[in-house]
Amino acid sequence: MEVKTAEGFKKEVEGGEGGLVVVHFWAPWCEPCKQMDEVLDVVCKERKGKEVKVLRVEAERDELEEVTEAYEVSMVPHCVFIKEGKVVDVLEGADPKGLFDMVAKHAPKVAEGVEEAKSPEEEKKVLFARLEKLTKADPVVLFMKGSPQEPRCGFSKKAVAMLEKVGAKFGHFDILSDESVRQGLKEYSNWPTYPQLYVKGELLGGYDIMQEMDESGELEKEVVLKEETIEERLQGLIDSAPVMLFMKGNREEPRCGFSSKVVKALDDCIGGDAYKTFDILQDQVVRQELKTFSNWPTYPQLYVKGELIGGCDIILEMSESGELKEALI
């Protein structure tokens with residue numbers, strides 16, 4: 001149900017009749033919102049519209065401003081789960097599996113034998129997103145059988161010994177503890193065996209490659225990393241492209257109106273391939289620290305050749321005057 005006014009929203013929430021109310025804050029320009037709408041349609045059909053009520057709230061609609069502010073909505077899609085007038089959960093971003101899981105957790109139990117529809121493609125997407133996070137959980141990560149203290153295969157034991165010999169600090173993941181990771185990582189990395197060693201999220205190789213690099217002295221250079229300060233990390237991100245935009249979401253899927261407007265201005269000016277973006281919603285350290293580093297309190301932030309140009313208002317003004325193209329070339 002589309003809610004048009006704050007009063008109408010209040011009536012619908014109060015009329016939940018003990019079931020679960022899912023409020024989807026959306027925006028017309030947001031493509032991920034459409035994906036979440038499709039998922040919510042499936043939820044409604046499965047729950048037959050009785051156990052779960054879905055309310056759509058246009059986040060940037062003037063008549064609904066007080067509702068958006070009351071629920072502290074800072075991005076879209078943004079889903080709020082309400083039972084008996086109280087917020088029981090919140091989900092930010094386009095996360096179909098997370099949405100299904102939260103509905104299953106908070107909604108009244110469905111009839112026995114009714115299962116949630118999850119396509120293989122969606123399951124794979126969720127798994128790969130998890131694997132990406134695991135490979136980046138530490139600068140150096142070893143996927144192995146067992147743990148460094150108790151390896152459960154000879155190759156894993158030797159891999160640990162090589163890393164410890166060169167003084168590497170590394171995290172680890174026991175693939176025997178999670179069969180989905182054990183099988184999924186083989187496809188994700190296109191590497192059929194274990195152990196697997198990742199450095200800064202990139203696959204370095206398995207045991208044989210580690211052994212060759214250890215014998216040549218290359219392993220120590222790759223895995224013994226200098227600890228960088230947050231200032232060094234931020235400067236490295238800024239310098240990673242001549243034109244760098246720190247935003248909510250990415251160029252294909254902006255997650256706030258201001259970021260969407262800046263992306264459009266840059267696309268119109270220099271084209272999408274001429275600049276790089278960083279999603280601050282995926283890294284809270286960068287999100288908070290960059291404000292201090294740049295002395296600029298909001299996002300998006302645009303950098304050209306390492307120098308801060310400004311935020312949304314400045315970029316749009318420069319775009320209208322023609323100055324933006326001169327600054328970017």
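Residues are numbered from 1 along each chain as its sequence is written, and side-chain values use heavy atoms, with hydrogens and water left out. Because the model is predicted, local features need pLDDT of at least 70 and side-chain atom pairs count only at pLDDT 80 or more, while totals for chains, interfaces and linings use all residues.

## Overall make-up

The protein chain holds 14 helices and 13 strands. Both are DSSP runs numbered from the N terminus: helices are H or I with at least four residues, strands are E with at least two. The C-alpha trace spans about 70 × 65 × 30 Å along its principal axes.

Of the 329 residues, 43% count as buried. Buried means under 20% relative accessible area, exposed means over 50%, and partly exposed lies in between (1.4 Å probe, protein chains only). The accessible surface comes to about 18,100 Å², and 48% of that belongs to carbon and sulfur atoms. Areas come from the Shrake-Rupley method with a 1.4 Å probe; for residues, only the protein chains shown count as cover.

Contacts are heavy atoms within 4.5 Å. Among contacts in the protein chain with a separation of 6 or more, 65% come from residues 24 or more positions apart.

## Charges

The protein chain carries 44 positive and 65 negative charges, and their mean positions are 4 Å apart. Lys and Arg count as positive, Asp and Glu as negative; His and the chain ends are not counted. Each charge is placed at NZ of Lys, CZ of Arg, CG of Asp or CD of Glu.

On the surface, D62, E65, E66 and E69 gather in a patch of negative charge. Patch residues have over 30% relative accessible area and no salt bridge; like charges are joined within 9 Å. E69 belongs to helix α3 (residues 65–70). E69 counts as exposed because its relative accessible area is 54%.

E58 sits in strand β3 (residues 52–58). E58 is buried, since its relative accessibility is 19%. Beyond its neighbours within four places in sequence, E58 is in contact with E2, W26, P28 and L64.

## Salt bridges

Side chains of opposite charge can pair when their charged atoms come close. The whole structure has 17 salt bridges. Each is a side-chain nitrogen of Lys or Arg within 4 Å of a carboxyl oxygen of Asp or Glu.

| Acidic residue | Basic residue | N to O distance |
| E63 | R61 | 3.5 Å |
| D178 | R130 | 2.9 Å |
| D268 | K264 | 3.0 Å |

D268 and K264 both lie in helix α11 (residues 257–270), 4 residues apart, about one turn of the helix. Both D268 and K264 are exposed. Elsewhere, salt bridges with shared partners join E2, D37 and R56 into one network.

Definitions and conventions:
Patches are made of residues with over 30% relative accessible area and no salt bridge: like charges are joined within 9 Å, nonpolar side chains (Val, Leu, Ile, Met, Phe, Trp, Tyr) within 5 Å.
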